[in-house]
Structure formats: structure tokens, C-alpha cells
Amino acid sequence: MTTSAQTTQPAQATAIDQHPLAGHTMSGADVIVQVFADQSVEVMFGYSGGAILPVYDAVFRYNATHLKDNGDEPMPLIVPANEQGAGFMAAGYARASGKVGVAVVTSGPGATNMVTPVRDSMADSIPLVVICGQVSTVAIGSDAFQEAPISNIMGACAKHVFLVTDPAQLEATLRTAFTLARSGRPGPVVVDVPKDVQNTALKFHGNGELALTGYRARLRAVEQSTLSDADCAAFFTALMQARRPLIYAGGGVIAAGAATALRAFVDTFGLPVTTTLMGLGAFDTTDPLALHMLGMHGTAYANYAVEDCDFVLALGARFDDRVAGVPDKFAPRAKFIAHIDIDPAEIGKVKPVHWHHVGPLVRALERLNSYGRAHGLRPSLDAWHAHVAELKRVHALNYDRSSRLIQPYAVLEAINRHTDGRAIISTGVGQHQMWAAQYFDFRAPRHWLTSGSMGTMGFGLPAAVGAQFAHRDKLVIDIDGDASIRMNLGELETVTTYNLPIKVVVLNNVGDGMVRQWQKLYFKGRFASSDKSLHKKDFVLAAQADGFAWAQRLEHAEELEATIAAFLAFDGPAFLEVMIDPDAGVYPMVGPGASYAQMITGEFIASRDAPAAREVQPSHMF
Amino acid sequence: MNHTLSILLQNEAGALVRVAGLFAARGYNIDTLTVCATHDPAVSRLTLSLQCDDAGVAQILQQTRKLVDVLQVAHPATALAA
């Protein structure tokens, strides 16, 4: 789309809120960089090219003339090996910091390489602003060099996309892009800027956004909606009748900054909490009332608690197919399901609910908390707490502790003993991702960076780079797989180029482990294209070639503790490849199309049912 | 069952593609589609019909309301029945 001619201006711009550069003439590229500065952008990620050169030059000039007191650039532009890396770095930065991640790429292939991170961020509700260079307005539609129809392509993937053909709208469009990215349900916004627009001399205003009357009216309605006394009364009537109420918390709790409000709610009413993959960290997983993750590879005790509960409070969660594979059989004993979300389209999308509220989560939780306190409403849950504690004890995660082969779970447990739930963990996608989700503790939000909905292999390494730029002093660990890390292996060099003290762990099971697991279950063990035993890569040599001074391979279980300690203690980038048991599986597993009652817990986690030979049906879904 | 939706959207290149793309991506087949100007030159009215069940139409209405350049989405049949 082209940008709207309408802009909103503050009614009275006083001398006090006047931008110091208001009225100055500058190029479109300088306008872009100035709006970034005004939006407190502290780092951006991107790869250069013809159609974005004016912006790159403007960034260079801005940084050269605005050096910080310590000599650092105020807005460093971090260069990846591939634009997809830049997108995941921006996403990793956004996930770890809660701020908008910014990526700047060129037209054509630069922009199409950015499609995967944009779609990934849309699916996980991560705020990004992506600037794409575009061929000049006169060349659009002529099959020009490095031309691609980015507004069409990104329109299907992003929260919104702007094609700026009127230079006078550039400034308001950019400011609006940040507002769109972070407001409501967050998401990625793409701004496609033709090269001639970047080179046009423009008068800078210093304020103003596009009107977007429809979006803003809907946003206002959601942000201003409140829970009435009658809403609260209906909620508590159901809660007070419940004997086994459970909170199911999703990524929305983290996006909303509602972890503190959730903690306070649980402190008052005592509901146990299970979180989705995206919700890990929304509630301290070491808490007695924490059930860790639910779902396809959730803990057995969380899934049994979902089976047993009679009341569900879903917070910023969307009953995704990895959680509610069979919606009718999800929480089958729940007499009442309550759902709070910022997105009206998520209410009743998958599963009908009895009570819902569309609005900001913090305010909703605080309102329920104060209403319940004021009316002295506290369910007595001692029996349920005892039941939950017993589920956690009996059905705890476990694995083959006597094996001579290195068990991936043992590697993660050893790292967790050092990090204690306080390191930032990123992952690729597959078995290692699920093991990391299960075996790490997460004490606070924004410590767990994973491609949840899209499931993009190759996410972990660039996301770790972005997170390290968000938190320069924190320990950032990429838990990766041998197949996932190959997808963006070029970013190993980015880690050392910027001397980031990231710790990269490759759990090497010589193939696509999760694919093999499904092939064992559903394809009679025919490992079509998932075996990599003929692959020749020496990961340690590869890391050394990319400048890792500490790069080792761990092959013997007895060296595990000492190696992990040395690896984590190294001051600088470090790379550890661990040759793990290639047959290690991810358990528990709720198969596709199965209910939690049909969960397979494997050999080492206690199941509630006798392990009767259960016929596993291949599913056409997922 | 046949449903007719009336959508007001900002009259901009790409806005129609966004609506049509949303319906396609979510598996809804548009049977008829008309786009016309309104008294406000900045606003177009899009009228479309599709076959789907009531839950499906409720969901696509909500999804359409998430498009940034959509001003208003109405389902006149439900409005009349209500």
C-alpha cells in the first residue's frame, strides 16, 4: 500500500515539545536515521546493497558525529552473514529486551531473505521494524535489477507493510511503524523505501504519525476495556466452586510484561501455573506451584494436571495445536474455562470458553486480584496443592542415567547447575529445543528465546547475537543441534567479529533428531533424508576457522562436568560440540491427534497408565 | 451457508490484496467481490460473499478487523437478525 495522506499532528506543538531539528531540511535517509534515534534505537542489524546505500551512509554519518562519551557508536549497525541472520538478531534483541528490534536490508534478495524472520516474528508476536530498500519509484514494476514485490510478499507475513511512494509521508510512516510494532498484539512492521525517496530532500517535522483511524479505534477499545464488577463476580463464582483450578500461561504474559501481576495473583489465590513453550519464564519454574511446560512435549505432571483440573484460566495463550492437539479433549474435566487475551480473534478460535476478557493483561490480573481480596474470595486448595506436588514427584522428568553414551538431558542439567535459571538461552528447532525447554529453569521472563510457532531451524545462533546486544553483561547460551546450526552457520563468524562472549553448544546426534523420532514412530524407521552420518563437517574446526579461541568436542560422559565448567568459565566466545546418544528421544510425547490421556512417557518417566502396547496411528494432521 | 460481508477500507493500492490474501491464507473462498468508491474519496467499500459456517464467519470477521487499513467490517445479516 502507499501511505495515507492523513497524518495526525499534536493540536498545539509548544516550544517545549518542539523537536530540535524541526524545520531542518535533510534527506529521506537522514529522516529514517533521525526517527530511529528519536525512538531510542540502540542497535540495528542489516546487510548492505544498492537500494539501501543512502540509509547506510546516513547511519555511518550519524554514528560518526554522535559518538558517546566512551567513544562507542550510539546506533551500531551489526552485519550478519545473511539477511535472515539480521532478522533473527533483531528478533533475539526484541525478545530479550522487550523493545522493538530493527533490521535494515536492501531490495530484492535482501528483502526476500528477511521473509522468514518476519513471518517467524509475526507467529510469535515479536515487535520488529524492518526497513527494506526498494528500486526507485519509476522503476517499480519494470523487473528492475534486485526488484521484488515486497509489499505483496510481506503483506502476507507481517503485521503491516508500507510502501512509501510519497516522500512527504516517510517521516510519519516510520514513526507509525514503531507504534504498530509495539501496540496491541505486537508484531513485525515492514517499511519498503524506494531509493529515490531515500535521496529526496525533506523538511523534518519531528512529530506526527499516520491517522490509521480503524486500527487506532480498535486499539483504543481494547486498551480501555475493563472488567466490570459483574465480570469479576462471574469469574469468582466459578473459581470458588472449583476444587482444581489451573493457570495456563502463554507468551502473551511475557509480551504484556505481566509476570509480576501473575506472581501477585498466584500469591493471593494459589492457582498452580503451567506455561506454554512461549510462556517459559512468565512464572518462576522453580516455584512449588510451577508445573513447567504443557503440551506435546510438556512435562508429564503438567499434562496430567491439565487432565485433572476442573477450571482453566488461560492467559495470553491461544490453544495452539501443540497444546490442544484435540481441542475437545483438552482439559476434559474443566467445568469452566476463562480466557484473557489482547487479541479478540483468539477468543473461541480453537476452543469455546465460558468467560473471556479482551484487554491488557496486567490491568485484568490486578483487577481480579483486588476484587477477590476485597471480597475475601480465596479458594481452599490444600488438597489440589498436595495432588500437584505428588504429580511432580511421581512423574518427574527422567532419563537413562546409567548409559555410557552422553545423554543430552545430562548436558543441560549440568549447564543449569551453573546458570541456575538466570542465563539467556536461545535454541534452534527440534529435539534439542524441547530438551532445553524441559530441563532448564527459567526464573524470569525474556530469558528463553525460541522459535515457537514457526519452528524455524537456524534461529538460535543469530537470536543469541541479538540478545547479547540487548544485555551486554549477561550470559547468553545458544543450545543448538547439528542440523539447526548448519542453517545459519555463517553467523559463527559474526559472534567472533563482534567479540561476543556467547556460549554455543551443539548437541550432535548426527542428523535431524526430531524427524528421526517421528520416522521411528510413524514411518517404520525409514530415515528418509534425516541421517547425516555421511556428512563430513568437523564443527570444532569450523568454529576455530571462524575465530573461536575456545572450541572443543565432548565425547566421553566422564568428562562432562569438567568440560562444561571450563566452557562456561571461558571469558569470550566459546563453542562446545557434544556427541550425544543418537537414539535419545524427547519424552513425554503427546502424538499428533492424541489427547493428553494418550501421552507416551517413555521408559524413564512414570506413566499413570500401565504401558499397554498402544497402537500409534499416523496422523494426516501435522 | 452463504454470508455477505461489507468492509470499509482505506482507499490505497495494496489494501484489496491484503483482504483477498487474508481470506486465501485462512482457507476461505470468496465467491463474489465488488469494490466501489464511497462519498469519502479516501475510503472504499468492499462487498464480498463466501460460503462458510457461522463459526468460520465469526473468525474471519475478527481476523479482517486485524488488518491495519480496514476501517470497519460488518456482517449485515447478523446485524439485522440481532
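Student: How many helices and strands are there in chain B?
Tutor: This is a predicted model. Read along the sequence, chain B follows the pattern β-α-β-β-α-β-α. The count for chain B is three helices and four strands.

Student: How compact is chain B, by its radius of gyration?
Tutor: The C-alpha atoms of chain B fill a box of roughly 35 × 30 × 20 Å along the principal axes. For 82 residues the globule rule gives 12 Å. Chain B comes close to that value, so it is as compact as a globular protein of that length, with a radius of gyration of 12 Å.

Student: What share of chain B counts as buried?
Tutor: Buried here requires 20 or more other C-beta atoms within 10 Å. Of the 82 residues of chain B, the share that passes is 24%.

Student: Which element of chain B gives the most to the side that touches chain A?
Tutor: The contact takes 19 residues from chain B and 18 residues from chain A. On the chain B side, α1 (15-25), α2 (54-64) and β4 (70-74) each supply at least two residues. That side divides into seven nonpolar, seven polar and five charged residues. The top contributor, with five residues, is α1(B).

Student: What is the radius of gyration of chain A?
Tutor: Chain A holds 23 helices and 22 strands. Its C-alpha trace spans about 75 × 65 × 50 Å along the principal axes. The globule rule gives 25 Å for 622 residues, and chain A is close to it, so it is as compact as a globular protein of that length; its radius of gyration is 25 Å.

Student: What part of the contacts in chain A links residues 24 or more positions apart?
Tutor: Buried residues make up 52% of the 622 residues in chain A. For the contacts, take those in chain A with a separation of 6 or more. The part that joins residues 24 or more positions apart is 78%.

Student: Which helix gives the largest share of the side of domain 1 of chain A that touches domain 3 of chain A?
Tutor: Chain A is divided into domain 1 (7-222), domain 2 (225-385) and domain 3 (408-579). The centres of domain 1 and domain 3 of chain A are 31 Å apart, over C-alpha atoms. Their contact takes 24 residues from domain 1 and 25 residues from domain 3. On the domain 1 side, the largest share is 11 residues, from α3(A).

Student: Is β14(A) mostly covered or uncovered?
Tutor: Take its faces in turn. Phe311(A), Leu313(A) and Leu315(A) are buried on one side, and Val312(A) and Ala314(A) are buried on the other. With five of its five residues buried, strand β14 (residues 311-315) of chain A is mostly covered.

Student: Which residue of β15(A) is the bridge partner of Leu315(A)?
Tutor: β14(A) pairs with β11 (residues 245-249) of chain A in the parallel sense over five bridges. There, Leu246(A) has Val312(A) as its bridge partner. Five bridges also join β14(A) to the parallel strand β15 (residues 336-341) of chain A. In β15(A), the partner of Leu315(A) is Ile340(A).

Student: Why does Met599(A) count as buried?
Tutor: Met599(A) is found in the segment after β22 (574-579) of chain A. It touches Ala300(A), Asn303(A), Pro588(A), Met589(A) and Val590(A), not counting residues up to four places away in sequence. The cut-off for buried is 20 or more other C-beta atoms within 10 Å. Met599(A) counts as buried because its number is 25.

Terms used
Residues are numbered from 1 along each chain as its sequence is written. Chains are lettered from A and ligands numbered from 1 in the order in which they are written. This is a predicted model: local features need pLDDT of at least 70, side-chain atom pairs count only at pLDDT 80 or more; totals for chains, interfaces and linings use all residues. Two residues are in contact if their C-beta atoms, placed from the backbone, lie within 7 Å. Ala, Val, Leu, Ile, Met, Phe, Trp, Tyr, Cys and Pro count as nonpolar, Asp, Glu, Lys and Arg as charged, and the others, Gly among them, as polar. A residue is buried if 20 or more other C-beta atoms lie within 10 Å of its own, exposed if 12 or fewer, and partly exposed in between; C-beta atoms are placed from the backbone. Two strands pair if DSSP finds at least two bridges between them. Domain bounds come from an automatic or database domain assignment. The radius of gyration is taken over C-alpha atoms; the globule rule is 2.2 Å times the number of residues to the power 0.38.
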